[in-house]
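Dear colleague,

I am passing on the structure below for you to look over. My notes on what was found in it come after.

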Amino acid sequence: MSSCCANDESSSSVSISGNLGDYWRLMKPRVMYLVVFTFIVGMLIAPGSLNPFIATVSTLCVAMGCGAACAINMWYDRDIDLLMQRTKSRPIPSGVIDPDSALEFGVILASVSVFVMAITVGYLSSFLLLISILFYVFVYTIWLKRVTPQNIVIGGLAGAFPPVIGWSVVDGSISWQSLILLAIIFVWTPPHFWSLSLVISDDYKAASVPMMPVEYGVKYTKINILIYSIVMSLVVALPGCFLDHYLIYESISFVLSGFFVYYAASLMFSDDLKVCRRLFFYSMAYLFAIFLSIVFCSQ
């Protein structure tokens, strides 16, 4: 707590507000890109016509909501971010934005995104956006992250909502098809983040964050990555149930998932961190490729 308070005082003395670039970094743009992309996929494959104005406004709202959740996450995690090499240069621990400004920014941005979504798109889409923000902030960040190695398993549900929100924008409902897209992201998240946690496990250990490699060791983490990768490959095949060009999609997903499982299995026989990084970066490209394939095969 003392380090956190010291960090707050240091931040306030250096800067009160930061600049636009600092606030942009506070919103974790790389996370936002993925969230917005999966949201757009949900809109594109939903039945019905897509109003350009509604699509634009709802996309901006989802981007704002995601950025708001990330900003509040950085505000709450400012003490442990200061202890980790990967995160100590973030806007709050580096002192370019003070914590109060970051929290105000996040809360205002979240409120605006949910309100605008409600009045321009619909209450269901607005409610789903609100739930995803609250889940990320309260369930993952505040409750789970510091108490259980299952933090990313359960907390990852927050990042799985966007395609469901996207579907609801067009169709006005929550469909089983959109829930399949949610399930894909949900089972993809653990192997994606665990591969990164293997690389930066010393950081998590220094900050006392109970990620799986810290609590159960490297071997146990690698086994779980492989198990989840196999389960994920099965879930990823499910969109073939509703896509027009299902044979093309299943062929693509089979190849992409095959590489994913191969990279996950290769972790079992290597202590080289480059192998972990390879899986981490491939997992990002994998999710983009799978969701692009879903769009193309739905036409």
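**Helix α9 and what follows it**

Directly after α9 comes Gly172, whose phi is positive, near 75 degrees. Please keep in mind throughout that this is a predicted model. The helix itself, which spans residues 162-171, is mostly covered, since nine of its 10 residues are buried. The buried residues are Pro162, Pro163, Val164, Ile165, Gly166, Trp167, Ser168, Val169 and Val170. They pack against several other helices, namely α3 (29-45), α4 (52-76), α6 (99-120), α7 (123-144), α10 (176-199) and α15 (273-296).

**Nonpolar cores**

The largest nonpolar core holds 88 residues, and among these Ile184, Tyr286 and Phe291 touch the most other members. Once its neighbours within four places in sequence are left aside, Tyr286 is in contact with Trp188, Met232, Val236, Leu256, Ser257 and Phe260. There is also a second, separate core of seven residues, which includes Tyr23, Ala71, Ile92 and Ala102.

In soluble globular proteins, nonpolar side chains tend to be buried together. Here, however, a nonpolar surface patch of about 470 Å² is made by Ile223, Ile227, Val231, Met268 and Phe269. Two of its members can be described further. Ile223 has its place in helix α13 and, at 33% relative accessibility, counts as partly exposed. Val231 is likewise found in helix α13, which covers residues 218-236, and with a relative accessible area of 39% Val231 is partly exposed too. Although Val231 and Val187 are 44 residues apart in sequence, their C-alpha atoms lie 7.4 Å apart in space.

**Cysteines**

How many disulfides does the structure hold? It holds zero, and two of the cysteines illustrate the point.

With best regards

Note on methods: Residues are numbered from 1 along each chain as its sequence is written. This is a predicted model: local features need pLDDT of at least 70, side-chain atom pairs count only at pLDDT 80 or more; totals for chains, interfaces and linings use all residues. Side-chain values use heavy atoms; hydrogens and water are left out. Helices (H or I, at least four residues) and strands (E, at least two) are DSSP runs, numbered from the N terminus. Buried means under 20% relative accessible area, exposed over 50%, partly exposed in between (1.4 Å probe, protein chains only). Contact means heavy atoms within 4.5 Å. Patches are made of residues with over 30% relative accessible area and no salt bridge: like charges are joined within 9 Å, nonpolar side chains (Val, Leu, Ile, Met, Phe, Trp, Tyr) within 5 Å. Accessible areas come from the Shrake-Rupley method with a 1.4 Å probe; for residues, only the protein chains shown count as cover. A salt bridge is a side-chain nitrogen of Lys or Arg within 4 Å of a carboxyl oxygen of Asp or Glu. A disulfide is a pair of cysteine sulfur atoms within 2.5 Å. A nonpolar core is a set of buried Ala, Val, Leu, Ile, Met, Phe, Trp, Tyr and Cys residues joined through side-chain atoms within 4.5 Å.
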